[in-house]
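Reader: I have a structure open and have not looked at it before. Can you walk me through it?

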Amino acid sequence: MSRYDSAITVFSPDGHLFQVEYAMEAVRKGTLAVGVRGTDCVVLGVEKKSVAKLQDPRTMRKIQLIDDHIAVAFAGLTADARILINRARLEAQSHRLTLEDRASVEYVTRYIGGVQQKYTQSGGVRPFGLSTLITGFSPEGKPQLFHTDPSGTYSEWKANATGRNSKAVREWLEKQYTETSGADTVKLAVRALLELVEPSSKNIEIAVLTKEGGMKMMSNEDVDAMVKTIQEEKEAADKAKKDKVKLQAEEALAAAAAAGN
């Protein structure tokens with residue numbers, strides 16, 4: 001295997017490009033990112049890494065704007081993300097300048113996927129070690145959510161996760177996802193993050209993208225209030241479940257006693 005995993009342009013006999021797979025492993029070791037598409041908004045949520053006490057946390061954003069109507073969250077290498085996002089921003093501005101119209105979400109996604117793919121078949125380079133969730137609104141006004149990975153593959157989703165333990169979160173979303181709007185969409189994204197992340201605004205960052213208002217980051221107070229509401233609902237549901245089980249057991253005992261008599 002060592003003959004094939006050092007060169008990006010060489011396939012292994014069983015059809016693998018090991019450097020691309022190693023880049024995907026870098027994504028799996030990155031912090032969790034979640035995207036959920038609603039009927040009137042798209043929500044991006046990321047797991048915040050702890051920062052040094054004297055460090056400005058604004059310099060470590062995992063959610064950024066590409067254009068005023070397109071936002072991106074990523075999992076993987078932050079330095080690689082900075083380069084890729086800056087190239088996407090330049091392409092979006094070039095599109096505005098050339099065509100006098102803003103780029104669509106799919107156009108930007110296709111461009112990012114193309115750049116990532118280019119770095120999987122060129123000598124002297126390595127793949128980008130990141131995966132992205134790209135959100136925005138179509139020209140018709142419909143919310144959109146796209147995902148790209150280090151191989152350059154892109155696809156559209158209703159809800160998706162990338163990064164640490166993303167498979168488990170994606171499976172949870174498959175079971176829990178329904179068409180929602182507004183605060184319900186935000187709540188679904190936060191609930192997905194809470195499957196793996198400690199329930200606190202210190203560990204969670206949420207951005208809501210709407211057609212009229214653009215992207216807005218939720219304040220720490222709003223995130224904490226949402227987390228508290230979700231925890232209270234979960235505790236109430238657990239209590240109701242326990243009470244139901246207890247009642248069923250009591251009824252079964254009563255039925256058994258009556259049958260004995």
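Author: Start with F18 and Y22, which both lie in helix 1 (residues 18-28), four residues apart, about one turn of the helix. Keep in mind that this is a predicted model.

Reader: How are the rings of F18 and Y22 arranged, stacked or tilted?

Author: The pair is stacked, because the planes are at 25 degrees, with the ring centres 6.3 Å apart. Planes under 30 degrees apart count as stacked.

Reader: Is F18 buried or exposed?

Author: F18 is buried, at 11% relative accessibility. Y22 is partly exposed, with a relative accessible area of 34%.

Reader: Which residues of helix 1 are buried?

Author: F18, V20, A23 and V27 are buried in helix 1.

Reader: And what do the buried residues of helix 1 pack against?

Author: They pack against strand 4 (70-76), strand 5 (130-137) and strand 8.

Reader: Back to the rings. How many aromatic pairs does the count come to?

Author: The count comes to three aromatic pairs. One of them is Y119 with F128, which is tilted because the planes stand at 55 degrees, with the centres 4.7 Å apart.

Reader: New topic. What about the chain as a whole?

Author: The chain has six helices and ten strands. Its C-alpha atoms fill a box of roughly 85 × 50 × 45 Å along the principal axes.

Reader: What percentage of the residues count as buried?

Author: Of the 261 residues of the chain, 42% count as buried. As for contacts with a separation of 6 or more, 62% are between residues 24 or more positions apart.

Reader: How many residues does the largest nonpolar core have?

Author: The largest nonpolar core has 26 residues. V34, V36, L173, V186 and I206 have the most contacts inside it.

Reader: What does L173 touch?

Author: Not counting residues up to four places away in sequence, L173 touches V34, V36, A159, N160, L188 and A192. V34 and V36 are also among the core residues with the most contacts.

Reader: I clicked on T109. Where is T109 placed?

Author: T109 is in helix 3 (residues 105-118). T109 is buried, with a relative accessible area of 0%.

Reader: What is T109 in contact with?

Author: Leaving aside neighbours within four places in sequence, T109 is in contact with I134, F146, T148 and Y154.

Reader: Now pockets. What volume does the largest pocket have?

Author: The largest pocket has a volume of about 470 Å³. Its lining has 22 residues, and K48, K49, P57, K202 and E205 lie nearest its centre.

Reader: Which elements supply that lining?

Author: Strand 2, strand 9 and helix 6 each supply at least two residues of it. Strand 9 gives the largest share, three residues. By class, the lining has nine nonpolar, five polar and eight charged residues.

Reader: And the second largest pocket?

Author: The second largest pocket holds about 310 Å³ of space. Its lining includes W172, R191, I230 and D238.

Reader: Which helix gives the most to the lining of the second largest pocket?

Author: Helix 6 gives the most, with six residues. Helix 5 also supplies at least two. The lining residues divide into five nonpolar, one polar and six charged.

Key. Residues are numbered from 1 along each chain as its sequence is written. This is a predicted model: local features need pLDDT of at least 70, side-chain atom pairs count only at pLDDT 80 or more; totals for chains, interfaces and linings use all residues. Side-chain values use heavy atoms; hydrogens and water are left out. A nonpolar core is a set of buried Ala, Val, Leu, Ile, Met, Phe, Trp, Tyr and Cys residues joined through side-chain atoms within 4.5 Å. Buried means under 20% relative accessible area, exposed over 50%, partly exposed in between (1.4 Å probe, protein chains only). Contact means heavy atoms within 4.5 Å. Rings of Phe, Tyr and Trp (its six-membered ring) pair if their centres lie within 6.5 Å; planes under 30 degrees apart count as stacked, over 60 as edge-to-face and the rest as tilted. On a 1 Å grid over the protein atoms alone, a cavity is a set of points where a 1.4 Å probe fits but cannot get out, and a pocket is an open set with protein on both sides within 12 Å along at least five of seven lines; lining residues have an atom within 4 Å of a point. Grid points are joined across faces, edges and corners, and a volume is the space filled by probe spheres set on the points. Ala, Val, Leu, Ile, Met, Phe, Trp, Tyr, Cys and Pro count as nonpolar, Asp, Glu, Lys and Arg as charged, and the others, Gly among them, as polar.
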